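Dear colleague,

Please find below the structure that I am handing over to you.

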Amino acid sequence: MAYLLAAVGGALGSLARWALAVVVPSSPGGWPWATLLVNLTGCFLLGALLAALAARSPEPPWVRPFLGVGVLGGFTTYSTFAVEVVGLVDGGFPVLAVGYVLASVVGGVAAVVLGARVARRPGGRPAR
């Protein structure tokens, strides 16, 4: 059952990413806004989800495979990020590529931390 949940969630997450890429297209040599936006948003949501799940014992068995692995795994795309970095370097935009790497990696880690903190209560205990 977990495989099916992850597959359905992955399809939904991938469709959401594709829709965002249609709404926020990027031009060759331009800043890949759609990929950066989905990766940072996905990192924030994954941090919040994991912090929220840490507060639940036991957690609902469908949440992690459906939302964590499926929806957020299908939504985020660090493989596309890697291809876009190579494309920027090959296209003669190495400075832009370095900035994109820093924004994606440092921003992704910061988004996870922020998401986890938002999901916690002010007293430091995870929200239920």
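The notes below go from the overall fold to individual residues.

This is a predicted model, in which local features need pLDDT of at least 70 and side-chain atom pairs count only at pLDDT 80 or more, while totals for chains, interfaces and linings use all residues. Residues are numbered from 1 along each chain as its sequence is written, and side-chain values use heavy atoms, with hydrogens and water left out.

Overall fold. The protein has five helices and zero strands, where helices (H or I, at least four residues) and strands (E, at least two) are DSSP runs numbered from the N terminus. Its C-alpha trace spans about 50 × 35 × 20 Å along the principal axes. Of its 128 residues, 33% count as buried; buried means under 20% relative accessible area, exposed over 50%, and partly exposed in between (1.4 Å probe, protein chains only). Among contacts (heavy atoms within 4.5 Å) between residues at least 6 apart in sequence, 72% join residues at least 24 apart.

Helix α3. Between its end C-alpha atoms, α3 spans only 16 Å, whereas a straight helix of 13 residues would span 18 Å at 1.5 Å a residue; the expected span is 1.5 Å times one less than the number of residues. The buried residues of α3 include Val 63, Pro 65, Phe 66 and Gly 68, and the buried residues of this helix pack against α1 and α2 (33-54).

Thr 77. This residue lies in the loop between α3 (63-75) and α4 (78-90) and is buried, with a relative accessible area of 5%. Not counting residues up to four places away in sequence, Thr 77 touches Arg 17, Thr 35, Val 38 and Asn 39. The side chains of Thr 77 and Thr 80 are joined by a polar contact of 2.6 Å (a pair of N or O atoms within 3.5 Å; within protein, one must be able to donate a hydrogen and the other to accept it, and residues adjacent in sequence count only if both atoms are side-chain atoms).

Salt bridge. The structure holds one salt bridge, defined as a side-chain nitrogen of Lys or Arg within 4 Å of a carboxyl oxygen of Asp or Glu. The bridge joins the side chains of Arg 64 and Glu 59 (2.9 Å, N to O). Arg 64 is partly exposed at 38% relative accessibility, and Glu 59 is partly exposed at 25%.

With kind regards
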